[in-house]
Amino acid sequence: MYVLGIETSCDETAVAIFHSSKGLVHHLLYSQIDMHSEYGGVVPELASRDHIRKLIPLVKQLLQESGLTNADLGGIAYTAGPGLMGALLVGAATARSMAYALQIPAVAVHHMEGHLLAPMLEDKPPSFPFLALLISGGHTLLVHVNGIGQYELLGESLDDAVGEAFDKTAKLLGLGYPGGPKLSVLAELGTEKIRFPRPMTDRPGLDFSFSGLKTFAMNTINASPKTEQDKADIAASFQAAIADTLSIKCRRALRQTGLGRLVVAGGVSANAQIRAALSLMATGENAEIYFPRAQFCTDNGAMIAYAGCQRLMAGQVEGLAITARPRWPMMELSFTC
């Protein structure tokens, strides 16, 4: 079965084709970063309009470059949430309309389940069960994963997601949009001269809190001479605090669950220092660690096509309703035929 995957949850239009036995066939992505950077962040209405303009041409290009036609498709998977409502509706309406016209099934995919399963696209995928750390602009989750659709939430951020903390601190440093990657580049020029707090690591539990780090960064920036070196040192100190906090919580979760595998996914998982810190922690715990390749850390169509293919192959069938859920707890998911 060839499955078309469509991702339009935020500011990237992404499509991919996954085959149930051959694996990933092809994927394409169009980013709206240049458009939104003028405004310092994502403008939902502009994002929706751009998805409308780009999605169908991107699907046609994908099929052409894959040597396939609409008739070859056996199913369509689309991101139904969480995300921006207007953006989600573009992908959902397109997927459902195509599926109806082609008389093939369409399946709604949870965005974070897509991220969680992204490492399955690698040559050496993790085996179930495993611990998953999902870190993105909108989510920070620790999940015990027994299989597809079998998720137990162990911990989450009580306020800002880790990606939000990166973006907000980057804005305080005057780095513009998208802030997270720019802060990481700046951090490479600095040293950890300032001891940022490691929030909620001195108490039991696996929940996170990152809003205090942002406030600490704001106070530190306001009190500094604001030279370029000062900014670089603050960025390095902030990033080190994030990496340490995630490592401490993941170590605690591995010990509590007894799991020997850790999957780290989501946009922030592309951060080099976070990868290094978590890899070092995993080695110390004698645990295997898995990351998706860099291009599959951020939003992409391949992860949606893969997740949708697994559900379609298991016999999941849905009605004709166009499904879009801007808020959708991942723990509501199941995997039944």
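The notes below go through a sheet, some salt bridges, the nonpolar cores and a pair of helices. Please keep in mind that this is a predicted model.

**The five-stranded sheet**

- Start with an open sheet of five strands, whose order is β8-β7-β6-β9-β10 and whose pairing is mixed.
- The edges of this sheet are β8 (150-156) and β10 (288-290); each has a single partner strand, so one side of each is left without a neighbour in the sheet.
- From one strand to the next, the twist averages 25°.
- Strands β6 (residues 130-135) and β7 (residues 140-147) run antiparallel and are joined by six bridges.
- To find this pairing in the 3D view, look for Phe130, whose bridge partner in β7 is Val145.
- A helix also belongs in this picture: α9 (residues 272-284) lies across β6, β9 (261-265) and β10, and it runs at about 160° to β10.

**Salt bridges**

- How many salt bridges does a search of the whole structure find? The search finds 13.
- One of them pairs Glu122 with Arg293, where the closest N and O atoms are 3.0 Å apart.
- Glu122 sits in the loop between α4 (111-117) and β6, while Arg293 sits in the loop between β10 and α10 (301-313), so this pair ties together parts that are 171 residues apart in sequence.
- Arg293 is partly exposed, because its relative accessible area is 30%.
- Arg198 and Glu192 also meet through their side chains in a salt bridge, at 3.1 Å from N to O.
- Asp244 joins the story here, as Glu192, Arg198 and Asp244 are linked in a network of salt bridges.
- Another salt bridge is formed by Lys231 and Glu228, with the closest N and O atoms 3.9 Å apart.
- Both Lys231 and Glu228 lie in helix α8 (residues 228-257), where they are three residues apart, about one turn of the helix.
- Lys231 is partly exposed, with a relative accessible area of 22%, and Glu228 is exposed, with a value of 56%.

**Nonpolar cores**

- In soluble globular proteins, nonpolar side chains tend to be buried together.
- The largest nonpolar core here has 59 residues, and the members that touch the most others are Leu4, Val15, Ile76 and Leu116.
- Which helix gives the largest share of this core? That share, eight residues, comes from α10.

**Two helices side by side**

- Now turn to helix α5 (residues 162-172), which packs with α8 at an angle of about 175°, the two axes being 11 Å apart.
- Angles over 145 degrees count as roughly antiparallel, and α5 and α8 are therefore roughly antiparallel to each other.
- Which residues meet where these helices pack? From α5 come Val162, Ala165, Phe166 and Thr169, and they meet Phe238, Gln239 and Ile242 in α8.

Methods. Residues numbered from 1 in each chain as written. Predicted model: local features only at pLDDT ≥ 70, side-chain atom pairs only at ≥ 80, totals over all residues. Heavy atoms only, no water. Pairing = 2+ DSSP bridges. Helix = DSSP H or I, 4+ residues; strand = E, 2+ residues; numbered from the N terminus. Axes fitted to C-alpha atoms, helices over the stretch in contact; angles between N-to-C directions. Contact = heavy atoms within 4.5 Å. Salt bridge = Lys/Arg side-chain N within 4 Å of Asp/Glu carboxyl O. Buried < 20%, exposed > 50% of the residue type's maximum accessible area, 1.4 Å probe, protein only. Core = buried A, V, L, I, M, F, W, Y, C linked by side-chain atoms within 4.5 Å. Parallel < 35°, antiparallel > 145°, perpendicular 65-115°, else oblique.
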